[in-house]
Amino acid sequence: MAAAQEPQSGGTDGTGGTGGTDFQGAPAEFGAAVAALRAARPRPEIELSPTRAPQRLAPWAYALEAAVADGEDDDLADGRLVLLHDPAGHEAWKGRFRLVTLVRAELEPELAADPLLPEVCWSWLTGAFTARGLAYGEAGGTVTRASSHYFGGLRERPSASQIEIRASWTPRESPSGVPDTTAHLAAWCELLSQVAGLPPATGPGEAAVVSLPQRRGPRS
């Protein structure tokens, strides 16, 4: 699935296509969807910032990157979310918008060995949609875990395990033609929080979740 690839380097300030950083000439629906993403305020442990968006996946694109940190400034997880828009519609998406994500975190080896971990991680994303009543379609992705063991001169280093979630889905559009990107971003931030091992958010409307007891941050 082409839209599930990790975003490639593109324009600046999170933009792609031909719109430039101010999205001059962009469709109004895309501009409204991007404005909602820019205005979102996640929980304080998650820092969002615009990043380069892909140029070849859709005529218009906007991208955000996220870093999850605890109170000691240790990175617990990171990720990227890309909003794609094709005003003409896309056959594979079955819509005009597509959201693409990559989320990564380092885990303790015993957690990474849990045979149910991939299913649990995927359910965190779909469960976050369900909790918010979000309609979406054509979802697909992968959950990959990898382990590194060190030998020779590196044998003193502890083994490391990483979980990586790649996914894409089509957010359903409102009657005005604009998907609720604020809610989809909130669901994505919930996935980041769970992978990072943050305690459940206690704000109104937040679903109770069980997160990984994370103790490592992403390796650069």
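**View 1. The whole chain, as predicted.** Of the chain's 220 residues, 44% count as buried, where buried means under 20% relative accessible area, exposed over 50% and partly exposed in between (1.4 Å probe, protein chains only). This is a predicted model, so local features need pLDDT of at least 70 and side-chain atom pairs count only at pLDDT 80 or more, while totals for chains, interfaces and linings use all residues. Residues are numbered from 1 along each chain as its sequence is written, and side-chain values use heavy atoms, with hydrogens and water left out. There are 4 helices and 6 strands here, following the pattern α-β-β-β-β-α-α-β-β-α along the sequence; these are DSSP runs numbered from the N terminus, with helices being H or I of at least four residues and strands E of at least two. Take the contacts with a separation of 6 or more: 68% of them come from residues 24 or more positions apart, a contact being heavy atoms within 4.5 Å.

View 2. The 6 strands line up as β1-β2-β3-β4-β6-β5, with antiparallel pairing; two strands pair if DSSP finds at least two bridges between them. At the edges sit β1 (46–51) and β5 (136–148), each pairing on one side only. From one strand to the next, the twist averages 15°. Zoom in on β1 and you find 6 bridges joining it to β2 (residues 60–69), antiparallel again. One spot to look for: I46 stands opposite V68 in β2.

**View 3. Two helices against the sheet.** Helix α1 (residues 28–39) lies across β2, β3 (75–90) and β4 (95–107), running at about 10° to β2. Helix α3 (residues 117–131) also packs on the sheet, touching β4, β5 and β6 (160–171), and its direction makes about 145° with that of β5. For these angles, axes are lines fitted to C-alpha atoms, for helices over the stretch in contact, and values run from 0 to 180 degrees between N-to-C directions. G127 is in helix α3 and is partly exposed at 33% relative accessibility.

**View 4. An aromatic cluster around F129.** F129, Y136 and W169 form one aromatic cluster. Rings of Phe, Tyr and Trp (its six-membered ring) pair if their centres lie within 6.5 Å; planes under 30 degrees apart count as stacked, over 60 as edge-to-face and the rest as tilted. The count comes to 3 aromatic pairs. F129 and Y136 have ring centres 4.5 Å apart and planes at 50°, so this pair is tilted. Y136 is partly exposed at 28%, whereas F129 is buried at 1%. F129 and W169 are tilted too, with centres 5.0 Å apart and planes at 55°. That pair links helix α3 to strand β6, 40 residues apart.

View 5. The structure holds 5 salt bridges, each a side-chain nitrogen of Lys or Arg within 4 Å of a carboxyl oxygen of Asp or Glu. Among them is R96 with E173 (2.9 Å, N to O), which links strand β4 to the loop between β6 and α4 (181–196), 77 residues apart. Another is E190 with R132, also 2.9 Å, N to O; E190 is in helix α4 and R132 in the loop between α3 and β5. E190 is buried at 10%, while R132 is partly exposed at 25%.
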